[in-house]
Amino acid sequence: MKVPQIEFPIHKFSISRLVYGIWRLHEDKEGSSPERILEKIELCLSLGIDTFDHADIYGGFENEELFGKALSKLPSLKSKIKIITKCGIQIPGSKFPTKHYNTSKEHIRYSVERSLRKLTVDKLDVVLIHRPDPLMDPYELAEIFEVLITEGKVNHFGVSNFTPSQFQMLQSAYRRPLFTNQVEFHPFRTEPLFDGTFDQILESRIHPMIWSPTAGGRIFVPKTEREVATHSKLQEIAKKYGSSADQVLYSWFLNHPAGLVPILGTNEPKRIQSAAECFSYPLTRVEWFSILEAARGKEVA
Ligand SMILES: NC(=O)c1ccc[n+]([C@@H]2O[C@H](COP(=O)([O-])OP(=O)(O)OC[C@H]3O[C@@H](n4cnc5c(N)ncnc54)[C@H](OP(=O)(O)O)[C@@H]3O)[C@@H](O)[C@H]2O)c1
């Protein structure tokens, strides 16, 4: 079964239900040559994964460029993929002594144009504000979103790591619907289930993107009591279905009615391939809660 698309009806746009993340591209043991990157892009496409999640800062501001150089070797791929990127975090270095956020209109324009250049594409499908900026002026941001859409540089804007009230604040100033809120969610970080994040997404009829779905791989190399219990539970369910622990974990995200979109972080082709098979193993409600219980170390009230 190929990875399906998930529709964003208000935006009249879809992305693949699993997205491939570029954060760890430069950590690939096989290197980050154009050939290696193309191997992973083509594998993703063959599995139905056509959406790639970037950020300007990934790989010390270099991963967008590595990806863009790979695309330049096979430009026919550009029309087959969807690109999401993020901006707004400023890393300390020669220009700035202090890490900070910048959501000024000048910086958003600068960053979007730099991403277009580095990725060697004409348009970005989705741009997310990477982190909520305490100095963010939602009216200024809404204005630059509109300008960049009118200029044909970006199709949709959204946010990442926003609380429901920060999301609502920006949405109230912006006349178009925000595309998503990309948040950290996995069995060891379940706050979005309970703090209103997913409720708001459901209300807005959009879908959340999920970062670090395997808790940075921690789920598969369990150390603490809860990690061991969670890994054992995933393995127990996997055995029943003749699947694997990673497939059960990715399937766990699919049960939520908000239509969660996990972003894969692995550089291993065989792990990408395995994740894509998670759609063949739908979990029951009881199995879903048993994973939640193992990870939280307690049953629901
Ligand atoms: N919006 C944000 O603030 C934000 C923050 C962080 C990340 N992100 C996005 O989310 C994406 C995914 O995050 P992530 O990289 O942390 O994902 P993740 O899947 O939680 O972590 C990936 C790490 O786990 C390991 N791993 C994955 N599957 C494994 C398996 N089956 N067995 C053993 N180890 C496994 C990988 O090693 P191998 O490569 O060796 O498999 C890799 O080191 C990023 O690429 C980025 O696009 C967004």
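Are Phe 52 and Phe 67 buried or exposed? Phe 52 is buried, and Phe 67 is buried too, where buried means under 20% relative accessible area with a 1.4 Å probe, protein chains only. The model is predicted, so local features need pLDDT of at least 70 and side-chain atom pairs count only at pLDDT 80 or more, while totals for chains, interfaces and linings use all residues. Residues are numbered from 1 along each chain as its sequence is written, and side-chain values use heavy atoms, leaving out hydrogens and water.

The structure holds 13 aromatic pairs. Rings of Phe, Tyr and Trp (its six-membered ring) pair if their centres lie within 6.5 Å; planes under 30 degrees apart count as stacked, over 60 as edge-to-face and the rest as tilted. The ring centres of Phe 52 and Phe 67 are 5.5 Å apart with planes at 50°, so this pair is tilted.

Phe 185 and Phe 198 make an edge-to-face pair, with 5.0 Å between centres and 80° between planes. Both residues, Phe 185 and Phe 198, are buried. Ring pairs join Phe 185 and Phe 198 with Trp 252, Phe 253, Trp 288 and Phe 289 in a cluster.

The largest nonpolar core has 88 residues, of which Ile 41, Phe 67 and Phe 145 touch the most other members. Such a core is a set of buried Ala, Val, Leu, Ile, Met, Phe, Trp, Tyr and Cys residues joined through side-chain atoms within 4.5 Å. Domain 1 (11–179) and domain 2 (216–301) both contribute residues, so this core lies between them; the domain bounds come from an automatic or database domain assignment.

Key
Buried means under 20% relative accessible area, exposed over 50%, partly exposed in between (1.4 Å probe, protein chains only).
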